[in-house]
Amino acid sequence: MSDDDVDQGDMADEWAAAMEEQDIIDGDGDAEGDTAPMALDEFEAVTASLEHGGGEGNPNLDVILDIPVSISMEVGRTSITIRNLLQLNQGSVIELDRLAGEPLDVLVNGTLIAHGEVVVVNEKFGIRMTDVISPSERINKLK
């Protein structure tokens, strides 16, 4: 058994425990369809706890730490016509706007957070962060 198999088993156990915990909270025994939109007063309470949590003016980040986000790496981009798109087949090459060896963009929910280079870890692709954008710059980009 490899380390990946053990990690996958541990992850499955964690997911199962989380689903059971969710079922206990919901109390109906059905894991699907239990998510209801958050009421405005609940949203304002969560926002207030983020802004004023911790008692020292520090945001209570524990509220949002378990929210899943989508992370992706972008090699490059280009634009082509629909005619050229329809002519693509196996073996076609599309030229991108990046030079070979240039760092990739690391995006979280579509927002640039870092640059990095491709590495191989346990026969899987990974990315080594070479330049991480500061949190204040990330927040400014959101505005």
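Three salt bridges are held by this structure, which is a predicted model. They join Arg77 to Glu74, Arg98 to Asp105, and Arg128 to Glu117. The model also contains an open sheet of 4 strands, in the order β1-β2-β3-β4 and with antiparallel pairing. The points below take the salt bridges, then the sheet, then selected residues.

**Salt bridges**

- In the pair formed by Arg77 and Glu74, the closest N and O atoms are 2.9 Å apart.
- Asp105 and Arg98 meet through their side chains in a salt bridge of 2.5 Å, N to O.
- Within this pair, Asp105 counts as buried at 11% relative accessibility, while Arg98 is partly exposed, with a relative accessible area of 21%.
- Arg128 and Glu117 form a salt bridge whose closest N and O atoms are 2.8 Å apart.
- Arg128 lies in strand β4 and Glu117 in strand β3, so this pair ties together parts that are 11 residues apart in sequence.
- Both residues count as partly exposed, Arg128 at 47% relative accessibility and Glu117 at 36%.

**The sheet**

- The strand order of the open sheet is β1-β2-β3-β4, and the pairing is antiparallel.
- The edge strands are β1 (71–74) and β4, each of which pairs on one side only.
- From one strand to the next, the twist averages 40 degrees.
- Strands of a sheet pair through backbone hydrogen bonds, in either a parallel or an antiparallel manner.
- Strands β2 and β3 run antiparallel and are joined by 5 bridges.
- Leu104 stands opposite Gly116, a residue of β3.

**Glu74 in strand β1**

- Glu74 is found in strand β1, and its relative accessible area of 18% makes it buried, because the limit for that class is under 20%.
- The side chain of Glu74 makes a polar contact of 2.9 Å with the side chain of Arg77.
- Leaving out residues up to four places away in sequence, Glu74 touches Arg98, Leu104, Asp105 and Leu107.

**Asp105 in strand β2**

- Asp105 has its place in strand β2 and is buried, with a relative accessible area of 11%.
- Its side chain makes a polar contact with the side chain of Arg98 at 2.5 Å.
- The side chain of Asp105 makes a further polar contact with the side chain of His115, at 3.0 Å.
- When residues up to four places away in sequence are not counted, Asp105 touches Ser72, Met73, Glu74, Arg98, Leu112, Ala114 and His115.

**Ala114 in strand β3**

- Ala114 is placed in strand β3 and counts as buried, at 1% relative accessibility.
- Ala114 and Val132 are 18 residues apart in sequence, yet their C-alpha atoms are 4.2 Å apart in space.
- Apart from neighbours within four places in sequence, Ala114 is in contact with Leu104, Asp105, Val106, Met129, Asp131, Val132 and Ile133.

**Loop residues with a positive phi**

- Asn109 is not a glycine, yet has a positive phi of about 50 degrees.
- Asn109 lies in the loop between β2 (104–108) and β3 (111–121).
- At 52% relative accessibility, Asn109 counts as exposed, because the limit for that class is over 50%.
- Glu123 likewise has a positive phi, of about 65 degrees, although it is not a glycine.
- The position of Glu123 is in the loop between β3 and β4 (124–132).
- Glu123 is exposed, with a relative accessible area of 80%.

Terms used. Residues are numbered from 1 along each chain as its sequence is written. This is a predicted model: local features need pLDDT of at least 70, side-chain atom pairs count only at pLDDT 80 or more; totals for chains, interfaces and linings use all residues. Side-chain values use heavy atoms; hydrogens and water are left out. Helices (H or I, at least four residues) and strands (E, at least two) are DSSP runs, numbered from the N terminus. Buried means under 20% relative accessible area, exposed over 50%, partly exposed in between (1.4 Å probe, protein chains only). A polar contact is a pair of N or O atoms within 3.5 Å; within protein, one must be able to donate a hydrogen and the other to accept it, and residues adjacent in sequence count only if both atoms are side-chain atoms. Contact means heavy atoms within 4.5 Å. Two strands pair if DSSP finds at least two bridges between them. Axes are lines fitted to C-alpha atoms, for helices over the stretch in contact, and angles run from 0 to 180 degrees between N-to-C directions. A salt bridge is a side-chain nitrogen of Lys or Arg within 4 Å of a carboxyl oxygen of Asp or Glu.
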